[in-house]
Each structure stands twice: as C-alpha cells, then as structure tokens.
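Thanks for making time this morning.

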Amino acid sequence: MTAACAATRDPQAVPATAAAPLLAVEGLGKWYGPRLGCRDVSFTLHPGEVLGVVGESGSGKTTLLGCLSGGLTPTTGRVAYHSEAWGPADVHALPEGRRRLLMRTEWGFVRQNPRDGLRLGVSAGANIGERPMAVGARHYGHIRARALDWLSRVEIDPARLDDRPASFSGGMQQRLQIARVLVNGPRLVFMDEPTGGLDVSVQARLLDLLRDLVARLGLSAVIVTHDLAVARLLAHRLMVMKDGRVVEEGLTDQVLDDPHHPYTQLLVSSVLQA
Amino acid sequence: MSADAITFGYLDDQTKRMIRRALLKAVAIPGYQVPFAGREMPLPYGWGTGGIQVTASIIGRDDVLKVIDQGADDTTNAVSIRRFFRRVTGVAATEKTAEATLIQTRHRIPETPLTTGQILIYQVPIPEPLRSMEPRETETRKMHALADYGVMHVKLYEDIARHGRIATAYDYPVRVNGRHVMAPSPIPKFDNPKMHNAPFLQLFGAGREKRLYAIPPYTSVVSLDFEDHPFEVQRWDRVCDLCGAGDSYLDEVVTDDTGGRLFVCSDSEYCTTRRDAGHRGPAADSTAAGALGATLSAVARDRTEDRA
C-alpha cells in the first residue's frame, strides 16, 4: 500500500503549479437563513491535483461541495473555473444551460448514494450512455461499445450491460456511477463520500479503482470524506473542516502525521486501529 | 342579458378568448406546451375534454365537423362528441374526411391526405414527452427551456437494448421546428410522417394536464432516432381484407373463437369509400367480412339520421 501511495503522489504526476489553476475559490460562504453552512473557504486547485476535504458530520463538507459544483448558490465569495472550452468563468455567473453542459462534459459528480446518481429504471448501458447522448452522440452501436468498454474498466461483468442497476449490489452500483460520470472524460470530478455505506473489502477495491483511474486519466478531484484512510489514499492535499470553517490545510501526509489544530489531532487519534 | 350575450356553442366568451389566446401562443412557438385554464366539461377526463375545449373555442357556424376515435367515425367516443357538438352548435357533421373543415381525433390522422384550410384537433392524454424519464414538472420545464433532450435518446436506447429495435409504436417523440420535443398524442408512429411539413394546422389539447400545443402548417416534424437505427413506420405483409388497401393502418379483428381474424383499415371512412368505389379485399366475400360490412353500413345509416 505504501508503494501505491508513493506512486499516486509522485511529484511527476502533479503538474507545475505555475499553470493556471483549474478552480480558484475565494471567501466562499453559505448561510441557510441564520444557520451556517460553511464560511471563509479559499483555495486553489491545479490540474491533476486531488484535494481531500475531511471533517466530522455537519462540518459543512457537503455544503462546500454543493457550492463548488454550482448546485447551491453561495451567500458570499466566488468560484472561478478555468474551462477548456470557454476559458476562465465565474461558476455562479454562468447561465444554467452552460452549467449543465459543464456537468456533462468537463465536470462530474459522484454521489454518496449511487441510487441518487443513477437512473434506476434503465439498463447499465443506458446509464453510461446518457452523458454521451446528452451532448449529441446518436450512433447506437458506438454508444454501446463505449458503455461496454467502461463497464470493464470499472470491473463489472460485461454480461450485465443490459441489466438494470437496481439488480446490482451496492459496490457495483457505485462503480457503475463512476463509469457514468467518467465516460465523457471530465477534467474535474467532485466526490461526496464515494465509499460511504460500503463494506471494507468493497471499499478497498473501489479505492484501488479510483486511484488507478485518477492517476491514469490525470483527473483533478475534490473528495469529501469523513474517512481519513480514503483521504490518505487518494488526496494530495487535505483541508480539515470544523463548524463550517477550514481549521487546517496542507499536504495530506503532513496534516495526518503532524496535525497542528486540536481538532485535527482529535480526528487523527480517533481512528480505530483494527 | 341580451340575446347577443349568449355565445355560440358550449363555452362562454371569456373562456373562448382565453383558449384562443393560448392557441395563438402555441402556434407562435411550435411544439411548446402552453398552460391554459381548462374548464370542467360534461364528460370525464380521458374522454377528450382537451380536444373538445379546443374545438368549442374555434368552431364557427360554417364549419363542418368530423370526429374520429381509433380511426373510426362510429365508436362510442366519436359518436357522443359529434352528437354533443351537433346539439350545442348545430353545425353540419360529416364522416367524409375531404368535406370536413374541423376534425377532432384521438389515435389517428385520417388516411385521406388533409389539405390547406383543414384543422386537425388532437385529444391528448399525456402532453409531456419527458414525463416517463423525468417525473418532476419543474425539471421538465427547465429541460424544455434549455433544449436539454438527451434523456429522450436514453429511452430509445433502452428500447433497442431490450427489444433489438425501437419498439415504441405510438406517441413516438418528435422534434418540432428543430426546437421543442413534443408528444404527438397516442397516434401510431405510422402517422408521424404525415405531420411533417403538413399543409394543415394541427392543434393539441390536454384537458386533465391543462396544456395546449400546436404545429402550424408547413413546419418540420422529425421523429427522433439513432443513425444506425433510423425511424421506421409499421408495415404489414398484407392488405385490408375488406377494401384491399395496401397503404393504410390495419386493425386486427378477431371474428370467431377458432382463430379466425380479419385485418381491416382502422380508418373506417377510408375503407367504406374504397369499397363503395368497387375495391375488394381478399376476404371481402367471407361471412365475417359480410357481417362487419353490414355493421358499418348500419352505423352509416344511423349517422345519416343523426345528420338530418
């Protein structure tokens, strides 16, 4: 595992920080009426970089992810995204049509519960084919071939291509969701607890798969998790959140091996050792 | 109240004005579903309340009305709607497609080609083509606004994956004027090509869902498909058993309990006209065909009396 970790965090894999950041977040805050979602979040994400966001339940992780991906409108601050097609853009100033298009081409969103991210009434193939079809793919044979290719990439038996996801196990559904999100080759993927609710052996395989795909496709990602092992395995950098604020930020190993903030120290020392 | 204030037909003036405004908007934006304040009609939802409101708002004293249901002039729904309009407007009714100025329909476009000046009014049960893929109305409206129609192809993909071909046989989704995806009401896809660049006006009314939409004359109506699975209409390897027509939509009629069946035109007026002109189908002389023909003639006699 150590070797694999080192491979993911190979300095060669992370492009020079001199390149324009993919995502630049400034003073982001979200209030739900009088209640705080998150506040004063600022960071930049460069191409090929994976940022982990950890913190306890209710610390504003999911709110932050919602604001980043355009699903929620922040109360303060701005999110700038450097698009391949249109150059720099303020995510929340984009018209809704553009934002939807982004979600289907340059972005992806992996939800914690695969049943929220999948279309359960149609086959696995149609689920994977939805994004290509949404951006104009109109050749059934090609769409199907692509779906088949992605099923094997996420290690699902190709014979299940025409089965509905409702008949899949939880781990398979999550892998299918990942295939559905990655099929259009996004540059930036948001993941909300991608391994939540899965048993440990399935989690391990899913993490392996994710790490492999992220490294091979050169994806940038923001991964929200409460599981420090997931963060250590996937993230280059880590942000620790508590009560809606970022309390500590740094390289993953640095934060986990030498936590400074009392809350981070508590978090790290709370991990159960099997 | 003076006699002038009593309006022609069934609906009051305000309602007609409201529906006509909605219709103008519908014609201006082909395929767009215009909400309207649907009224209670003297028959249940699902029996054509939307189509009746459209007909009642545009019908005039000089109009000649034809009503069809499943292609036939003599089914219960068609007969009662025709009687209703005869009673409340007194306009002439006909079963001759060529003579009619207004045709209210459910399930079919007549086989006899319609011409300029004729208006075809559809009764629509489910006006939203995206409904089966997206249950939320707020979301489907947004999808229409953004022309975000990828999910329609997901539905067709699923058809091919499941059945080896696009098995959707009726209410087959179309794209109108290169913009809005529209449900053509439950007409068989056999009739879809007749909507494309048609010289006549097509109006759609959904009473329960309270939506109107329209296709103005000479508007492009393209059925959705895949490059390697192009749109196709139904075909039969036989002709109408009564009139021998090879170009019409055929209904299967079971005639006895020993496997006997006839295939006959679903458009009863088309079939009758052809038989009157001397065309004979392969089973025209069988007992079953004789009985069927007699029934059609009897109903036609009823209609003549109804018209008188």
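I will go through the interface, then the pocket and the cavities.

Before the details, this is a predicted model, in which local features need pLDDT of at least 70 and side-chain atom pairs count only at pLDDT 80 or more, while totals for chains, interfaces and linings use all residues. Residues are numbered from 1 along each chain as its sequence is written, chains are lettered from A and ligands numbered from 1 in written order, and side-chain values use heavy atoms, leaving out hydrogens and water.

Let me start where the chains meet. Taking contact to be heavy atoms within 4.5 Å, chain B brings 20 residues and chain A brings 21 residues. The buried area, that is, the accessible area for a 1.4 Å probe that two parts lose on being put together, summed over both, comes to about 1,900 Å², with 56% of it from carbon and sulfur atoms. On the chain B side, 29% of the area buried against chain A is supplied by B:Val154, B:Tyr157 and B:Asp228, more than by any other three residues.

There are four salt bridges between chain B and chain A, counting a side-chain nitrogen of Lys or Arg within 4 Å of a carboxyl oxygen of Asp or Glu. A salt bridge joins the side chains of A:Arg104 and B:Asp148, at 2.8 Å from N to O.

As for which helices take part, with helices being DSSP runs of H or I of at least four residues, numbered from the N terminus, helix 4 (137–145) and helix 5 (150–163) of chain B each give two or more residues to the side that touches chain A. The largest share, nine residues, is from helix 5 of chain B.

Now to the open space. A pocket here is an open set of points on a 1 Å grid over the protein atoms alone, with protein on both sides within 12 Å along at least five of seven lines, and lining residues have an atom within 4 Å of a point. Of its 36 lining residues, A:Met103, A:Arg104, A:Arg111, B:Arg136 and B:Glu139 are the closest to the centre. Helix 3 of chain A gives the most to this lining, five residues.

Finally, there are two cavities of 30 Å³ or more, a cavity being a set of points where a 1.4 Å probe fits but cannot get out.

Definitions and conventions: Points joined across faces, edges and corners; volume = space filled by probe spheres on them.
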